[in-house]
Amino acid sequence: EHYDFIPALSDLLDGKVLVDVSNNLRMNQYPESNAQYLSQLVPKANVVKGFNTVSAWALQSGSLDASSQVFVCGDDNQSKQLVMDVARSIGLTPLDQGSLLAAEELE
């Protein structure tokens, strides 16, 4: 519902990695995942789903215990690798879940 401004940024996001950290509020709320919808709005960006299952509180407090896994999916392998490298650099464990279609399960 808050995507109105995004198409105007399409040219600026051309070739950029765009990480979708969102989750749907309810299961089966939309016909596609938020990440898939985002990739339709900015088709020239490389949308990668990631960090949506990591608690912001756990990141801030440093108590990551069981929530240190970052599920990552996307259609561009180089972009996924970049997001996984970011996850590793902050002490998280990235898990490649395949193409952006997997975002439906991750949300």
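I began with Val19 in this predicted model, and found that Val19 is partly exposed, with a relative accessible area of 33%; buried means under 20%, exposed over 50%, and partly exposed lies in between, with a 1.4 Å probe and protein chains only. Val19 sits in strand S1, where strands are DSSP runs of E with at least two residues and helices are runs of H or I with at least four, numbered from the N terminus.

I noted that residues are numbered from 1 along each chain as its sequence is written. Local features need pLDDT of at least 70, side-chain atom pairs count only at pLDDT 80 or more, totals for chains, interfaces and linings use all residues, and side-chain values use heavy atoms, without hydrogens and water.

Next I looked up the sheet, an open one of 4 strands in the order S1-S2-S3-S4 with mixed pairing; two strands pair if DSSP finds at least two bridges between them. The edge strands, S1 (17–20) and S4 (93–96), each pair on one side only.

I then followed S2 (residues 46–49) and S3 (residues 69–74), which pair in the antiparallel sense over 2 bridges, and saw that Val48 has Gly74 in S3 as its bridge partner.

Last came the helices, with contact meaning heavy atoms within 4.5 Å and angles running from 0 to 180 degrees between N-to-C directions of axes fitted to C-alpha atoms, for helices over the stretch in contact. Helix H1 (residues 34–41) packs on the sheet, touching S1 and S2, and its direction makes about 170 degrees with that of S2. Helix H3 (residues 77–89) also packs on the sheet, touching S1, S2, S3 and S4.
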